[in-house]
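This report describes side-chain contacts and strand pairing in one protein structure. The sequence and the coordinates are shown first.

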Amino acid sequence: FLLEIIDRIKRGAGQDFPIIVKYGLTHYLEGARDIDEGLEIARRLEAAGVAALEIDAGCYETWYWSKPTTYSPAGTLAELAGMVKKTVKIPVIAVGKLGYPDVAEEVLREGKADFIALARPLLADPEWPNKVRENRLEDIRPCIGDHEGCSGRIAAGKYISCVVNPSAGMEREFTIGRAEKEKSVLVVGGGPGGMEAARVAALRGYQVTLWEKSVALGGNLIPAAVPDFKRDYRSLIDYMSTQIRKLGVNVELSKEATRELIADMKPDVIFIATGGISSIPDIPGITNGNVVTAVDLLMGRQNAGESVTMLGGGMVGCETALYLARMGKLVTIVARHGLMRTMHLVNRMHLLKLLADAGVKTFTDADTLKITGEGVDIVSRESGERKILPADTVVLALGLKPERALLESLEDEATEIHAIGDCVKPRKVMDAIWEGFRTARRV
């Protein structure tokens, strides 16, 4: 059928009309297309007069290959392009998480492809090619591969946009203009929402100060970026912190905001972006010495034993479980409902596959009755059957609760105050960045 389409195009548009075919070299699915068949397809397409081939992989059952996720390594499909490059003489185009300029350049230098194709990285930063040309690599806004702002919004019937670039798809409407009147702005909290609010406020010409009580910028992106499969998140922290410093934002680390300090500063506008803290449920045994939070574990403040039970089947719980399993731990996830119910389909498919490959066991639709020094006592919500899961360490990944103490202490202040991010309601990275962007545009 594909050859018939090519023939019909050439008959209608002329033999010299250039045709590029993009296809999956392999489906990475048992019983489906393998690499040998994919290479034979390449030979036949070249013989049919195709001008170039763009090589990806996967199918709907293995969608995370054709739509690489946060968990896919950079240049994840480049080796496949290299196989085709050795098979045909026509140009080959590589695609798949090539938004890292060093990786893209290496693919070209090693002869794996003749061209680099970018899609989502250009939603994150449409100036990517110009910034690479000008060697402004630290200014490239990185795609984090979570699909929420692009594919997720399309699936929901909304215009395409981007988690890290809120103006994508609405560039004319969401321009950032200089303010007519100078203002002093204080941002409390250096997570993604706070950093984005500081960036946009600085672009508007305001004098911006950011206070962060810890020793580094990033907020909860810092523990999220610890696993080696979360490189994209580390790049986002680097980008955002670099941009606010280059814009002249006065960043003060290890500075905890108080009502008195804010009163002394007298800012015209305050952004409260104090984030969220780990939720600790009222479960018998929760204060045992073998219970730690996922955040404390990722930050290196606590260690895990050889057998771990993870309470919580959201993104944090499942990612931390994978992180521990890859360290050689025996990990079991206990979730009250299903796993990662709010995650984008493609990323969820991929993480479930990685968890299975790592040998992580799961118990869903289960309640935790109590925690002991030996493990966790759970009960099935459907059958009522009880089971004891032995564990050296119990890790809590049961969500966050808003850190609102500072916000509530300022409720009677006349100063213009805006709460953004998890201190409003714990949600996703996209919500924090978009709130910081949109709110700062309007002050």
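Are Arg199 and Glu196 buried or exposed? Both Arg199 and Glu196 are buried, a class that requires under 20% relative accessible area, whereas exposed requires over 50% and partly exposed lies in between (1.4 Å probe, protein chains only).

The model is predicted, so local features need pLDDT of at least 70 and side-chain atom pairs count only at pLDDT 80 or more, while totals for chains, interfaces and linings use all residues. Residues are numbered from 1 along each chain as its sequence is written, and side-chain values use heavy atoms, with hydrogens and water left out.

**Salt bridges**

Side chains of opposite charge can pair when their charged atoms come close. A salt bridge is counted where a side-chain nitrogen of Lys or Arg is within 4 Å of a carboxyl oxygen of Asp or Glu. The search of the whole structure finds 29 salt bridges, among them those in the table.

| Salt bridge | N to O distance |
|---|---|
| Asp232 and Lys97 | 2.6 Å |
| Arg109 and Glu105 | 3.0 Å |
| Arg199 and Glu196 | 2.9 Å |

The side chains of Asp232 and Lys97 meet in a salt bridge. This pair links distant parts of the chain, 135 residues apart: Asp232 belongs to helix α11 (residues 231-246), and Lys97 to the loop between β3 (92-94) and α5 (101-109). Helices (H or I, at least four residues) and strands (E, at least two) are DSSP runs, numbered from the N terminus. Asp232 is buried at 2% relative accessibility, and Lys97 is buried at 13%.

Arg109 and Glu105 lie four residues apart in helix α5, so about one helical turn separates them. Arg109 is exposed at 68% relative accessibility, and Glu105 is partly exposed at 35%. Arg199 and Glu196 are three residues apart in helix α9 (residues 192-203), and are therefore also separated by about one helical turn. Salt bridges with shared partners join Glu134, Arg136, Glu138, Asp139 and Lys246 into one network.

**Aromatic rings**

A pair of aromatic rings is described by the distance of the centres and the angle of the planes. Rings of Phe, Tyr and Trp (its six-membered ring) pair if their centres lie within 6.5 Å; planes under 30 degrees apart count as stacked, over 60 as edge-to-face and the rest as tilted. The count by this rule is four aromatic pairs. One of them joins Tyr60 and Trp63 edge-to-face, at 5.5 Å centre to centre and 65 degrees between the planes. Tyr60 is exposed at 66% relative accessible area, and Trp63 is partly exposed at 24%.

The ring centres of Phe174 and Phe437 are 6.2 Å apart with the planes at 65 degrees, so this pair is edge-to-face. It links distant parts of the chain, 263 residues apart: Phe174 is in the loop between α8 (151-155) and β5 (184-188), and Phe437 is in helix α17 (residues 429-442). Phe174 and Phe437 are both buried.

A charge sits over a ring if NZ of Lys or CZ of Arg is within 6 Å of the ring centre and within 35 degrees of the ring normal. Arg153 lies over the face of Tyr159, 4.3 Å from the ring centre. The charged end of Lys230 sits over the ring of Tyr233, at 4.1 Å from its centre.

**Strand pairing**

Two strands pair if DSSP finds at least two bridges between them. An open sheet of four strands runs in the order β1-β2-β3-β4, with parallel pairing. β1 (20-24) and β4 (115-116) stand at the edges with a single partner strand each, so one side of each has no neighbour in the sheet. β3 and β4 pair in the parallel sense over two bridges, and Ile116 in β4 is the bridge partner of Ala94.
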